[in-house]
Amino acid sequence: MPYNVGMGDKISRLKPDPRYWQISVCKYPLADGQKFTYSSDICDLGIGKIVKVGFGRSVSLGVVYGADASRNQSFKVSPLSEVLDLPSLPSHLLKVADWLQAYYAASAQSTWQTVLPSKLDRNSRLKPFVATKTSNFKPNRLSLAQNEVLGCIANSKQHKFLLHGVTGSGKTEVFLHLIDDCLRAGQSAILLVPEIMLTTQMIDRVSQHFSGVVVLHSGLSPAQRRANWRYLLDNSPNKPLVVLGTRSAIFAPLFNLGLIIIDEEHEPSYKQDSSPRYNTAAVAAKIANDTGAKLILASATPSVSSYFLARVGKLKLLTLNDRYQRHSGLPQTAVVKLDSSKQLITSELKAGLQKTLGEKKQALLFLNLRGSARSLICTDCGQSIKCPRCEISLSFHADKAKLLCHYCGYSVTPPAKCPSCGHHELSFVGAGTKQLETNLATMFPLAKIVRVDRDSANPEFLQTTYRNFRDGRIDILIGTQMISRGLDIPFLHLVGIINANTSLSIADFSASERTFQLTAQAAGRAGRRKQIGEVVIQTFSPDNPAIAAAAKHDYAGFYNAEIEKRRQFNYPPFVYLLKLTCTRKGDAAAQQAATIFKNQISSPGLVVLGPTPAYQKSLAGKSRWQLVVKARNRSKLVAIAHNLPSGWTADLDPINLL
């Protein structure tokens with residue numbers, strides 16, 4: 001084990017002219033930001049070099065942070081094992097790694113697992129995938145509003161922007177011009193999208209304009225991801241490149257970074273759900289500050305927090321209020337009241353589908369559920385069949401004839417009687433995408449119907465499905481959240497939202513915001529070319545403010561009502577939140593531990609809510625209870641997160657409290 005500076009056994013003599021280096025050890029499990037000192041015979045090792053070091057009884061990668069200022073002290077220091085044959089990391093990645101550890105109370109181990117690809121010390125035989133320019137594509141002529149946006153970004157003294165543009169307003173075209181300007185200035189750019197499916201659409205657009213487009217996302221194999229990452233590290237010092245990817249692509253090793261674009265910035269997938277539990281926009285803002293790059297957050301339905309920051313001047317607000325194809329206009333929207341929990345397709349939606357298919361146009365149906373049915377319940381006692389390990393309702397999947405747990409993978413054949421009361425009448429409720437697919441196939445046997453959800457999707461399937469839908473080879477596309485945003489399909493005429501109430505029923509402060517976003521984004525897929533699209537929103541609550549605002553494409557109306565509720569009940573952006581989850585073998589033990597810790601952390605300036613059972617009360621046989629802490633001073637929450645007892649996890653700045 002190497003000794004930290006100022007610790008260890010003193011020795012009388014050192015080797016002649018040793019060099020000492022501060023190393024961030026990638027396996028270091030604590031969240032204190034500690035660096036360790038190692039020696040090297042290389043006189044000019046270089047900040048940002050990736051090395052191998054002995055750490056305890058194992059070997060770890062490490063990142064060089066600089067020469068040790070206290071190298072003349074006589075303390076025992078271990079030598080470096082190896083210097084990897086890689087260029088040094090860009091300096092901003094070292095800064096953001098330190099920042100992640102401090103801002104999110106994360107360990108060096110979890111941080112470097114996030115920032116660096118796995119197994120960097122292995123030589124990959126895979127060639128990097130670099131998209132080349134596919135044609136001499138001429139960009140569309142910009143509208144007056146688009147030109148004004150570009151001019152504002154170019155001339156503003158601020159370098160962080162929120163681009164609020166209605167669906168179909170031409171935000172992507174603005175992105176392409178911004179990237180072109182960036183590359184012409186000899187700088188690289190990062191363009192982020194929230195879903196792997198959207199990388200297919202975006203790579204088709206971007207590669208029409210530019211060469212040297214590199215993709216980074218979790219759908220790539222580890223070896224391919226590593227090959228692409230190493231290509232960026234090797235080549236970006238010498239030529240400007242474009243990185244396209246999902247959340248983790250924000251850590252692309254780019255030198256001369258000039259532009260970061262986060263498309264659909266409101267999407268929850270930009271929040272990491274494991275340590276470090278970072279928000280991508282916050283990381284991008286840190287990188288923009290350190291590099292001088294311009295940061296563009298873009299959405300038709302911005303997050304309440306981002307829009308608030310724009311309203312108070314922390315972001316420069318830019319707007320595109322009209323669709324690029326002015327004669328297409330926003331879609332006509334009908335809000336239809338549902339009569340039954342088992343009703344999937346109302347007569348209004350069925351008529352719209354018949355008309356759309358008759359005109360050789362396409363339809364998209366959005367349902368925010370998976371499986372053939374959400375749950376199996378007893379008609380006598382009302383209990384649903386739950387996972388014995390996670391205590392969440394199991395979902396029935398007809399193709400497997402099984403009830404499945406979407407958290408731990410537990411599966412079981414549907415029982416003949418209720419496990420709780422023994423009653424023999426069980427009923428499926430809350431139909432999902434598979435049942436919707438079956439019903440539509442019966443209604444429209446000649447239509448080509450494809451379903452996309454987490455159970456059916458992989459990167460290859462998503463790429464094929466997108467291209468088939470774009471080219472008109474799919475009549476009806478059914479899907480969950482991953483098809484509700486960002487898709488730009490020329491002949492998509494009708495969008496049906498099967499049940500807009502699904503997200504409203506979630507007991508969380510962000511429920512109204514999420515409902516508005518999902519509904520408005522799904523509706524915005526319709527009629528994006530030379531046609532007026534149609535939208536049918538099915539709901540049990542047609543008068544709900546979030547649904548009504550989404551139907552009218554009224555973001556301002558939604559925001560003004562929502563921000564007042566947040567102010568009244570002390571939710572973000574008016575306070576910071578910390579969600580603390582305690583895991584124990586028994587329910588009583590979890591509740592007791594949560595109560596004790598609440599008493600320990602309670603202090604002036606904090607509001608501690610709970611303890612309560614977590615939304616997912618059990619996981620893998622263990623009980624989970626949670627506390628929610630509110631504060632106007634974020635540093636108080638960070639201090640708590642840095643000093644958690646065993647069995648606790650912390651989520652700073654959670655986007656929901658589920």
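Which residues do ring pairs link into a cluster? In this predicted model, the cluster consists of Tyr-307, Phe-516, Tyr-555, Phe-558 and Tyr-559, linked by ring pairs.

**Nonpolar cores**

The largest nonpolar core holds 99 residues, and the members that touch the most others are Leu-89, Trp-112 and Leu-580. Leaving aside residues up to four places away in sequence, Leu-89 is in contact with Gly-48, Ile-50, Val-63, Leu-94, Trp-112, Leu-116, Trp-229, Leu-233 and Phe-255. Another core, of 59 residues, lies apart from the largest one; Leu-178, Val-215, Phe-366 and Ile-474 are among its members. In soluble globular proteins, nonpolar side chains tend to be buried together.

**Helix H1**

Helix H1 comprises 13 residues, 91–103, and spans 18 Å from its first C-alpha to its last, close to the 18 Å expected at 1.5 Å a residue. Its buried residues are His-92, Leu-93, Leu-94, Val-96, Ala-97, Trp-99, Leu-100 and Gln-101. After H1 comes Ala-105, which has a positive phi, near 50°.

**Aromatic pairs and charges over rings**

Across the whole structure, a search finds 16 aromatic pairs. One of them joins Trp-99 and Tyr-103, whose ring centres are 4.7 Å apart and whose planes meet at 15°, so this pair is stacked. Trp-99 and Tyr-103 are four residues apart in helix H1, and about one helical turn therefore separates them. Tyr-103 also pairs with Tyr-104: the centres of these two rings are 5.1 Å apart and the planes lie at 80°, so the arrangement is edge-to-face. A pair of aromatic rings is described by the distance of the centres and the angle of the planes.

| Residue | Relative accessible area | Class |
|---|---|---|
| Trp-99 | 18% | buried |
| Tyr-103 | 27% | partly exposed |
| Tyr-104 | 7% | buried |

Because buried means under 20% relative accessible area, Trp-99 at 18% counts as buried, whereas Tyr-103 at 27% is partly exposed. The ring of Tyr-103 has a further neighbour, Arg-634, which lies over its face at 3.4 Å from the ring centre. Elsewhere, Lys-35 lies over the face of Tyr-65, at 4.6 Å from the ring centre.

**Strand S16**

Strand S16, residues 362–366, is mostly covered, with five of its five residues buried. Gln-362, Leu-364 and Phe-366 point one way from the strand, while Ala-363 and Leu-365 point the other way. In a regular strand the side chains alternate between the two faces of the sheet. Phe-366 is also among the members of the core of 59 residues.

S16 runs parallel to strand S24 (residues 492–497), to which five bridges join it. It also pairs with strand S23 (residues 476–479) in the parallel sense, over four bridges. Leu-364 takes part in both pairings: Val-495 stands opposite it in S24, and Leu-477 is its bridge partner in S23.

Definitions and conventions. Residues are numbered from 1 along each chain as its sequence is written. This is a predicted model: local features need pLDDT of at least 70, side-chain atom pairs count only at pLDDT 80 or more; totals for chains, interfaces and linings use all residues. Side-chain values use heavy atoms; hydrogens and water are left out. A nonpolar core is a set of buried Ala, Val, Leu, Ile, Met, Phe, Trp, Tyr and Cys residues joined through side-chain atoms within 4.5 Å. Buried means under 20% relative accessible area, exposed over 50%, partly exposed in between (1.4 Å probe, protein chains only). Contact means heavy atoms within 4.5 Å. Helices (H or I, at least four residues) and strands (E, at least two) are DSSP runs, numbered from the N terminus. The expected span of a helix is 1.5 Å times one less than its number of residues. Rings of Phe, Tyr and Trp (its six-membered ring) pair if their centres lie within 6.5 Å; planes under 30 degrees apart count as stacked, over 60 as edge-to-face and the rest as tilted. A charge sits over a ring if NZ of Lys or CZ of Arg is within 6 Å of the ring centre and within 35 degrees of the ring normal. Two strands pair if DSSP finds at least two bridges between them.
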